[in-house]
Amino acid sequence: MQEIAFIDCPSPNHDARAPGGSIDLLIVHYTGMPTADGARLRLCDAAAKVSSHYLIDEAGQVYRLVAEDRRAWHAGAGGWRGQGDVNSRSIGIELVNPGHEHGYRPFPPPQMASFAALARGLLARHPIPAHGVLGHSDVAPTRKTDPGELFDWRGLAADGIGLWPDLAAKPAPGQALLAIGATGAAVRGLQSKLAEYGYEIAVDSLYGSATALVVTAFQRHFRPWRVDGQVDDETLSYLDKLLKIKA
Ligand SMILES: [Zn+2]
């Protein structure tokens with residue numbers, strides 16, 4: 001296993017985890033700021049009231065900001081599998097990247113190698129299942145887009161980190177079957193499946209903007225080559241496969 005040379009950079013932004021819970025989620029973020037230094041200063045600024053357990057810059061340097069037994073303030077409002085307070089049950093990792101607002105770009109190999117080494121240790125230390133390795137956008141689909149469609153979920157899953165739905169026969173991205181404005185049983189079925197996987201979504205048979213944002217978050221993670229917020233055969237196939245393979 002790759003040894004990680006941490007730099008300690010303690011953040012004051014943390015508190016106690018909710019009692020009685022376990023750490024069963026790993027949440028991946030990008031910093032979404034123009035510079036790495038700016039992001040690190042903000043994550044350690046008491047006035048900003050944000051933090052993460054770890055920060056990884058584009059050269060692969062890992063900064064340790066908050067101890068794993070403490071509740072870092074990275075996820076904000078959101079939920080997964082019907083439970084809120086994601087911060088209490090998760091480890092948060094921030095990856096330096098300017099993000100969609102400031103020039104989104106690929107995560108360089110040294111950064112991804114450090115992420116993989118760090119994640120492997122976390123998965124060994126905490127009861128985080130494969131389907132508990134998630135993006136911020138998965139747990140807050142109406143507010144967040146990070147780490148985004150350039151994050152290599154597929155490569156990581158091949159390395160034993162997270163879940164990826166390999167399909168033997170993969171339909172091409174196709175014509176939209178469901179999109180904004182659709183109603184009825186097919187929409188309800190889709191919403192039920194997304195909720196069953198873990199997404200926070202109202203099962204109300206109405207394909208409104210909230211449903212489109214959840215579908216968009218799903219695609220950023222599991223169908224990143226086409227993120228359009230519309231449901232086609234390929235999107236449905238990936239969702240069905242995930243529901244089959246999640247533990
Ligand atoms: Zn985030």
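Which protein donors hold the zinc ion, and how far from it do they lie? The donors are H29 through ND1, H136 through ND1 and D146 through OD, and they lie 2.0 to 2.1 Å from the zinc ion. A donor here is an N, O or S atom within 2.8 Å of the metal (3.2 Å for Na, K and Ca), and because water is not among the atoms, sites may look incomplete.

Before I continue, a word on the basis of this talk. This is a predicted model, in which local features need pLDDT of at least 70 and side-chain atom pairs count only at pLDDT 80 or more, while totals for chains, interfaces and linings use all residues. Residues are numbered from 1 along each chain as its sequence is written, and side-chain values use heavy atoms, with hydrogens and water left out.

Along the sequence, its donor residues follow the spacing H-x106-H-x9-D. Helices and strands are DSSP runs numbered from the N terminus; a helix is a run of H or I with at least four residues, and a strand is a run of E with at least two.

Are H136 and D146 buried or exposed? Both are buried. Buried means under 20% relative accessible area, exposed means over 50%, and partly exposed lies in between, as computed with a 1.4 Å probe on protein chains only. D146 has a further feature, as a cis peptide bond with omega of about 5° joins it to P147. P147 is likewise placed in the loop between α4 and α5.

I turn now to the largest pocket. It holds about 540 Å³ of space. It is lined by 25 residues, of which Y30, T31, H136, K144 and D146 are the closest to its centre.

The terms need some care here. The search uses a 1 Å grid over the protein atoms alone; a pocket is an open set of points with protein on both sides within 12 Å along at least five of seven lines, whereas a cavity is a set of points where a 1.4 Å probe fits but cannot get out, and lining residues have an atom within 4 Å of a point. Grid points are joined across faces, edges and corners, and the volume is the space filled by probe spheres set on the points.

Which elements supply the lining? β3 (25–30), α1 (36–43) and α2 (99–102) each give at least two residues, and α2 gives the most, with four. By type, the lining divides into eight nonpolar, 11 polar and six charged residues. Nonpolar covers Ala, Val, Leu, Ile, Met, Phe, Trp, Tyr, Cys and Pro; charged covers Asp, Glu, Lys and Arg; the others, Gly among them, are polar.

The next region is the loop between α7 (209–222) and α8 (233–245), where D232 is found. R223 lies in the loop between α7 and α8 as well. D232 counts as buried because its relative accessibility is 1%, and R223 is buried because its relative accessible area is 0%. The side chain of R223 makes a polar contact with the side chain of E234 at 2.6 Å. A polar contact is a pair of N or O atoms within 3.5 Å; within protein, one must be able to donate a hydrogen and the other to accept it, and residues adjacent in sequence count only if both atoms are side-chain atoms.

Beyond four places in sequence, R223 is in contact with residues including P173, D232 and Y238; contact means heavy atoms within 4.5 Å. With neighbours up to four places away not counted, D232 touches G174, R223 and R226, among others. D232 and G174 are 58 residues apart in sequence, yet their C-alpha atoms are 5.5 Å apart.

Finally, consider the loop between β6 (70–72) and β7 (90–95), which contains N87. N87 counts as buried because its relative accessibility is 7%, and its side chain reaches the backbone nitrogen of A75 at 2.8 Å. R81 is placed in the loop between β6 and β7 and has a positive phi near 55°, although it is not a glycine. D85, also in the loop between β6 and β7, has a positive phi of about 45° and is not a glycine either. R81 is partly exposed because its relative accessibility is 34%, and D85 is partly exposed because its relative accessible area is 36%.
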